[in-house]
Amino acid sequence: MKISKLTAALLFLLLNSQISAQNIENSASLKPFNESLNQKKVTQILFLGDSHIQADYLTAYLRKKLQDKYGNAGRGLVFPSQIANTNGAEDVISATNQTWETYRLVHEQNRFLQLGASGFVIGNNADSFLEIQLKNPEDSFDKVIIFNDQKMNGQPLEVYAETNSLKNFVQKKSERINYQATEGETFHEIVAKNYSTTTKLRQLNGDRILQPKAGSSFLVERNSFTYNPEFEKNIQKLFDAKFTDFKTEISFPTPQQVFLIKSNASGGNLFYGFQFLKNTQKGVVLNSVGVNGATYADFLKFPLQTEQLKTIPTDLLVIALGTNEAFGKTTKEELQNNISALIVKFRAGNPALPVLLIAPPDNLPKNARVVEFISWIKESAEQNNAAFFDLYSATGGKGYFKRAQSRKEASGDGVHYLKPGYEFQAEQIWKAFENVSSNNN
């Protein structure tokens, strides 16, 4: 049956009116956060999530909205994703002259006992330049917090300014080799040791490489860099410094857009994230920690991560997880225990910390238990005096993913959205924030 354009338009308006009406539940618990936004102070948000967050599309939208309204106090926590051979924020460019072993908190590996702030690690034992550039001039910074490994305490580092980017003096080269797995070596260790990617090694070997046996041979793409030392004619040392404990603070007398350091710590270079801040009295910092494949349980694995993140003076903790659990065998008890444990860890020392749990959006796989998990997450919010936002319902519920695909806002994998899709989701969260703010004023 055909419907008229007028009827179609009315249906569209009805759907969107239902979407925009979605509110944050237990919003009263967010009152301290809203008061902070309207005071003359810097307000920091810590946003934890999975692959829906790692690319930063959703969080970038919220960051801009918040900073346009309340002021920009810094870009916040970032990880040099290009160096780590993974996807990341569009507005952050990173480069290096050396290869690094890199893992995220969901990887099976025996190389690093701890992972820190960003849920990622890059590590090597070479004399290394590391460059991070923030593309947006409004994100110029006066201070950088380096989340480093504690064993780097007291080790020297050098801080530079540059007139030409490091990325223009390094060239990546690839070679294919026959690689023999060693006893106990994991798939992700093979990937990291060769500075390759999981996608490439699975393409070359199929799924048999996922469970490598000692002595088995695999075709591996090994990557490295050719470095042109002419770069060093384009840099000027600003000062020498030393790493301190598990985080190091670097201050600059004038605002910067490029952060360039050189490190060769005797026990190895190990970095877990970098936070960029402004010397300002008011504004918002939205720190995003998105890790592909992550669950609530993954964020409980490494005590160092929680300890480093807790040093950030957080005014609101936002957690958007649950998609990956919904594909597995996680029980209600396991999920809710993990949610409570994570909230308890972050509220240690700050029992009044406002927490917002965000339900995952719709997806296509038939085995996903998204709706069931959303009800469990909502219960956990009630149990832990946390606020709750039902992103699934706010975006239209079941069928939203297919509608997003038809609008070219979602990918073909049935799980992930494209940039316009994540920005639409962020818009619903922003509307809900605005409702809370207007009700509290």
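In this predicted model, Leu 157 stands opposite Ser 263 in strand β13. The partner strands here are β8 (residues 156-162) and β13 (residues 258-263), which pair in the antiparallel sense over four bridges.

**The antiparallel sheet**

Strands β8 and β13 belong to an open sheet of five strands, ordered β3-β6-β13-β8-β11, in which the pairing is antiparallel. Its edges are formed by β3 (92-96) and β11 (235-242), each of which pairs on one side only. On average, neighbouring strands of this sheet are turned by 20° against each other, with direction ignored.

**The parallel sheet**

A further open sheet, with parallel pairing, is built from five strands in the order β15-β1-β16-β17-β18. Here the edge strands are β15 (283-290) and β18 (387-389), and each pairs on one side only. The twist from one strand to the next averages 20°.

Within this parallel sheet, β16 (residues 316-320) and β17 (residues 355-358) run parallel and are joined by three bridges. Val 318 stands opposite Leu 356 in β17. The two strand pairs described so far are set out below.

| Strand pair | Sense | Bridges |
|---|---|---|
| β8 (residues 156-162) and β13 (residues 258-263) | antiparallel | four |
| β16 (residues 316-320) and β17 (residues 355-358) | parallel | three |

**Helices on the parallel sheet**

Helix α9 lies across β1 (42-49), β16 and β17, and runs at about 150° to β17. Helix α10 also packs on the sheet, where it touches β17 and β18; the direction of α10 makes about 160° with that of β18.

**The contact between α9 and α10**

Two packed helices are described by the angle between their axes and the distance between the axes. For α9 (residues 332-347) and α10 (residues 370-383), the packing angle is about 40° and the axes are 10 Å apart. Angles under 35 degrees would count as roughly parallel; α9 and α10 are therefore oblique to each other. The crossing in which α9 passes α10 is right-handed.

From α9, the residues in this contact are Lys 332, Leu 335, Gln 336 and Ile 339; from α10 they are Phe 373, Trp 376, Ile 377, Glu 379, Ser 380 and Gln 383. Sorted by class, the contact of α9 with α10 comprises five nonpolar, three polar and two charged residues.

**The chain as a whole**

The secondary structure of the protein chain amounts to 13 helices and 18 strands. Its radius of gyration is 23 Å, close to the 22 Å given by the globule rule for 441 residues, so the chain is as compact as a globular protein of that length. Along the principal axes, the C-alpha trace of the protein chain spans about 65 × 55 × 45 Å.

Conventions. Residues numbered from 1 in each chain as written. Predicted model: local features only at pLDDT ≥ 70, side-chain atom pairs only at ≥ 80, totals over all residues. Heavy atoms only, no water. Axes fitted to C-alpha atoms, helices over the stretch in contact; angles between N-to-C directions. Parallel < 35°, antiparallel > 145°, perpendicular 65-115°, else oblique. Left-handed = near helix turned anticlockwise from the far one by under 90°. Contact = heavy atoms within 4.5 Å. Nonpolar A, V, L, I, M, F, W, Y, C, P; charged D, E, K, R; others polar. Pairing = 2+ DSSP bridges. Rg over C-alpha atoms; globule rule 2.2 N^0.38 Å.
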